[in-house]
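Hi,

Here is the structure I promised to pass on. Have a look at it first, and then read on for what turned up.

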Amino acid sequence: MGLMTGDPGALVLFSGGQDSTACLAWALETYGRVETVGFDYGQRHAVELEARQAVRSRLAKAFPAWARRLGADHLLDLRGFGAIGDSALTSERAIEITDKGLPSTFVPGRNLAFLVHAAALADRRGLSVLVGGMCETDFSGYPDCRRDTLDAMTQALNLGMAQTFEIATPLMRLTKAETWALAKGLGGEALVDVIVDDSHTCYLGEREAAHPWGRGCGTCPACELRAKGWAEWVDEGRPALSP
Ligand code: ZN
């Protein structure tokens with residue numbers, strides 16, 4: 001279908017967090033056919049998987065034009081992979097910086113594994129663009145979020161699968177404040193509201209405490225980053241960034 005209409009079709013790596021929700025909105029604005037994929041790698045928090053469905057259904061209700069483009073959701077079981085990387089996200093270890101200078105939330109090769117599985121799925125679904133929220137601006141601790149890594153991965157996927165995939169990373173050069181601005185540029189305050197209310201970022205799976213920037217414990221690294229970006233964006237007068 002994508003080939004016949006000239007639309008490459010996109011598969012969004014969608015965790016239900018702030019970044020991947022902004023990516024999903026960007027993809028819905030950019031491509032005619034958009035599907036989503038999530039990965040169950042044994043997260044401590046089923047709340048992340050619930051957030052995915054909440055965001056998808058609310059986007060479809062609030063933005064009818066996007067609802068027509070939003071296709072199937074896929075959830076892939078990567079618990080076997082998750083068992084390899086014993087990190088703070090999947091075990092009860094405290095979140096800290098390791099002697100490699102990486103946060104203990106880093107799972108070696110996780111984004112690479114996600115991309116291989118996403119590409120195999122995209123091949124079967126006839127989708128050519130993989131969209132991910134990788135970002136090297138605010139926090140460069142994850143070596144598999146760097147654009148260099150993704151360029152090498154694109155080449156490996158295309159050689160190994162005889163494909164012409166593209167990996168689109170609309171947030172790569174944006175700060176967290178600019179990610180809020182992009183959301184406003186894509187879907188106005190209505191999209192900002194969806195992200196605040198329904199997306200989930202907190203590493204600890206906290207959904208009780210409500211803050212202006214969303215729900216979360218407020219003190220884990222993910223909450224701190226999200227709150228800081230929100231504060232900067234509000235200080236700047238809540239600007240809108242054109243996609
Ligand atoms: Zn938190």
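Let me start in the sheet: β1 and strand β4 (residues 129–131) run parallel and pair over 3 bridges. For the record, strands (E, at least two residues) and helices (H or I, at least four) are DSSP runs numbered from the N terminus, and two strands pair if DSSP finds at least two bridges between them. V12 has V131 as its bridge partner in β4.

Before going further, some ground rules: this is a predicted model, where local features need pLDDT of at least 70 and side-chain atom pairs count only at pLDDT 80 or more, while totals for chains, interfaces and linings use all residues. Residues are numbered from 1 along each chain as its sequence is written, and side-chain values use heavy atoms, with hydrogens and water left out.

**The sheet**

The whole thing is an open sheet of 5 strands with parallel pairing, in the order β3-β2-β1-β4-β5. At the edges stand β3 (70–77) and β5 (166–168), and each has a single partner strand, so one side of each is left without a neighbour in the sheet. On average, neighbouring strands of this sheet are turned by 25° against each other, direction ignored.

Buried means under 20% relative accessible area, exposed means over 50%, and partly exposed is in between (1.4 Å probe, protein chains only). β1 also pairs with β2 in the parallel sense, over 4 bridges, and L13 has V37 as its bridge partner in β2. From β1 the chain crosses through helix α2 (residues 18–30) to β2, and this β-α-β crossover is right-handed. That label applies if, with the strands pointing away from the viewer, the path from the first strand over the helix to the second runs clockwise.

What about β2 itself? 7 of its 7 residues are buried, so β2 is largely enclosed by the rest of the structure. V34, T36, G38 and D40 point one way from β2, and E35, V37 and F39 the other way. On its β3 side, strand β2 (residues 34–40) runs parallel to β3 and is joined to it by 6 bridges. V34 has L70 as its bridge partner in β3, and V37 stands opposite H74. Helix α3 (residues 46–62) lies across β2 and β3, at about 175° to β3.

**The zinc site**

Which residues coordinate the zinc ion? They are C202, C217, C220 and C223, each through SG, at 2.3 to 2.4 Å. Donors are N, O and S atoms within 2.8 Å of the metal (3.2 Å for Na, K and Ca), and water is not among the atoms, so sites may look incomplete. Along the chain the donors follow the spacing C-x14-C-x2-C-x2-C. The angles among the 4 donor atoms are 106 to 117°, and the site is tetrahedral, a term that for four donors requires all angles to lie between 85 and 135 degrees. C220 is buried at 4% relative accessibility, while C217 is partly exposed at 23%.

**Helix contacts**

L112 lies in helix α6 (residues 110–125) and is partly exposed, with a relative accessible area of 29%. Leaving aside neighbours within four places in sequence, L112 is in contact (heavy atoms within 4.5 Å) with D144, T149 and M153.

T179, in helix α8 (residues 176–198), is buried at 3% relative accessibility. Not counting residues up to four places away in sequence, T179 touches Q18, D19, A22, L171 and L174.

Most residues other than glycine have a negative phi. A162, in the loop between α7 (147–161) and β5, has a positive phi near 50° and is exposed at 72% relative accessibility. R238, in the segment after α9 (221–235), also has a positive phi near 50°, and R238 is partly exposed at 27%.

Cheers

Conventions. Axes are lines fitted to C-alpha atoms, for helices over the stretch in contact, and angles run from 0 to 180 degrees between N-to-C directions. Four donors count as tetrahedral if all angles lie between 85 and 135 degrees; four count as square planar and six as octahedral if opposite donors are over 155 degrees apart and all others between 65 and 115; anything else is irregular.
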